[in-house]
Amino acid sequence: MPTDPGPGGQIVVRRVGELQGTIDVPGAKNAVLKLMAATILADGEYELTNVPAIADVRILGDLLEAIGVRTWSPTPGVLRLTNDGDLVPVAPYELVERIRASINVLGPLLTRFGRVRLSMPGGDDFGARPIDMHVAGLEQMGATFKFSHGELEATADRLHGADVTFPFPSVGATENIVTAAVFADGRTTIDNAAREPEVVDLCEMLVAMGADITGIGTSTLVVGGVERGSLRPVDHRTVPDRIQAATYVAAVAVAGGELTIRDARAGHMQNLLARFADMGLELTATDRDLRVASEGRLRSIDVQTLPYPGIATDYKPLVITMLSVADDVGIVTENLYPGRFRYVEELLRLGADIRTNGHHAVVRGVPRLSGAPVKAHDIRAGAAMVVAGLAAEGETVISGVGHIDRGYDDLVGRLAAVGADIRRV
Ligand code: UD1
């Protein structure tokens, strides 16, 4: 049956058996976008390295260009950004609506220019993504917000320090409050801050620029405000992508074989890897690499998503895909985005046995999936469809590949190089 390929064409995968070889993990989407936004804070020329070749980097690049930061890539993996100080603190709708991370320009623009106009970021396919914690934190620091016609306007001559306690450790809100606090008058404390490695990466870049941040990597961040104009541009290497790394672990888990995943930081994936070991994967980590061997059928586990260091919601489509071919029954509980189960209907098309109820999915493993046309609903769900295709007899044709391109740097080429039968059409 012909299907609409959607933007980005289709990926065709067939099960061929074991994967063998080495895969390099690129830099993290969820870090690099925030690093790019941080260049708003100080004039000069920046060089970001280990930058993944993904659509979201290009979209945020376009947004920064619209604001006045020039971006160009002299070689693959390197992004130079020049901020000559002549910026317009306005983010247009056409760009903001394409990428949720555009909300990360809010803190830097507001703290540097005292005002910002931004279209409200939209939701994702897995539900609404509110920004109330970003707004409440900035209001505590003296910002005034106006909302009209789908836009927000924030003003504050100079933000002041505050004690901000989040009801939930939001990644985006932590990042916006930290960047805003960099030029605030006085000290800002963020309690129940997010501790994700990507938040740490942003804080480390800010410190290298001259910001005063302590408690990095803990749930209490303390930011001492410095004068506007006192930060300097830096060169910074993007932290490797733990979600892309986990995708290659999931691939070898369902296909069998042995992979060395280079630049996978096991220390950033400890809880996940412990559960993968419970499922029967053999994992050996060094400082920079992770070796994964998978033999025989996976065992089922129960798992729940939590903020870092818990198991990230972004891993969940991969875990459910692995469970769908594991021995026995696994229960997956989603604690961040209740609606984030839409790809389950696609797995059912491949012959998986999964029931969802509210925050829970009950996955009864079947010996083998069976290839069919499926859709990528979002970035991570799309990658999970590719992994499912490696476990399915016959051909799996994935449409909506544009979603995968938003966050994956050559997923098809990387898997083909280790023996997968996968191509893009
Ligand atoms: C980031 C990641 C995303 C990941 C998520 C959780 C990026 C670009 N995206 O998204 O891939 O899935 O972290 O690990 O880095 N919330 C509110 N009010 C707010 C902010 C958040 O209610 O003001 C809720 C959200 O709806 C969600 C939870 O808090 O239920 C976590 O969201 P948050 O950590 O902010 O995620 P993002 O930064 O949007």
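Biologist: Is T396 buried or exposed?

Modeller: This is a predicted model, so every value here is computed from it. Buried means under 20% relative accessible area. T396 has a relative accessible area of 0%, so T396 is buried.

Biologist: Where does T396 lie, and what is it in contact with?

Modeller: T396 lies in strand β25, residues 395-399. Leave aside its neighbours within four places in sequence. T396 is then in contact with I11, V12, V13, L350, G371, A372, V374, M385 and G389.

Biologist: Which residues does T220 touch?

Modeller: Again, residues up to four places away in sequence are not counted. T220 touches T189, I190, D191, T214 and G215. T165 and T220 are 55 residues apart along the chain, yet their C-alpha atoms are separated by 9.2 Å.

Biologist: How do I read a pair of packed helices?

Modeller: Take two values: the angle between the axes and the distance between the axes. Here, helix α1 (residues 29-38) packs with helix α2 (residues 55-67) at an angle of about 15 degrees. Their axes are 10 Å apart. That angle makes α1 roughly parallel to α2. The crossing of α1 past α2 is right-handed.

Biologist: Which residues meet in that pair?

Modeller: From α1 come K29, V32, L33, M36 and A37. From α2 come D56, V57, L60, G61 and L64. The residues of this contact divide into seven nonpolar, one polar and two charged.

Biologist: Why would residues three or four places apart point the same way?

Modeller: An α-helix has 3.6 residues a turn, so residues at that spacing point the same way.

Biologist: How many residues of α1 are buried?

Modeller: Nine of its 10 residues are buried, so α1 is mostly covered. Among them are K29, V32, L33, M36 and A37. K34 is buried too.

Biologist: And the whole chain? What radius of gyration does it have?

Modeller: Compare the chain with a compact globule. With 425 residues, such a globule would have a radius of gyration near 22 Å; the chain has 21 Å, which agrees. Along its principal axes, the C-alpha trace spans about 60 × 45 × 40 Å. Of the 425 residues, 57% count as buried.

Biologist: How many helices and strands are there?

Modeller: The chain has 14 helices and 26 strands. Take contacts between residues at least 6 apart in sequence: 74% join residues at least 24 apart.

How values were computed: Residues numbered from 1 in each chain as written. Predicted model: local features only at pLDDT ≥ 70, side-chain atom pairs only at ≥ 80, totals over all residues. Heavy atoms only, no water. Axes fitted to C-alpha atoms, helices over the stretch in contact; angles between N-to-C directions. Helix = DSSP H or I, 4+ residues; strand = E, 2+ residues; numbered from the N terminus. Parallel < 35°, antiparallel > 145°, perpendicular 65-115°, else oblique. Left-handed = near helix turned anticlockwise from the far one by under 90°. Contact = heavy atoms within 4.5 Å. Nonpolar A, V, L, I, M, F, W, Y, C, P; charged D, E, K, R; others polar. Rg over C-alpha atoms; globule rule 2.2 N^0.38 Å. Buried < 20%, exposed > 50% of the residue type's maximum accessible area, 1.4 Å probe, protein only.
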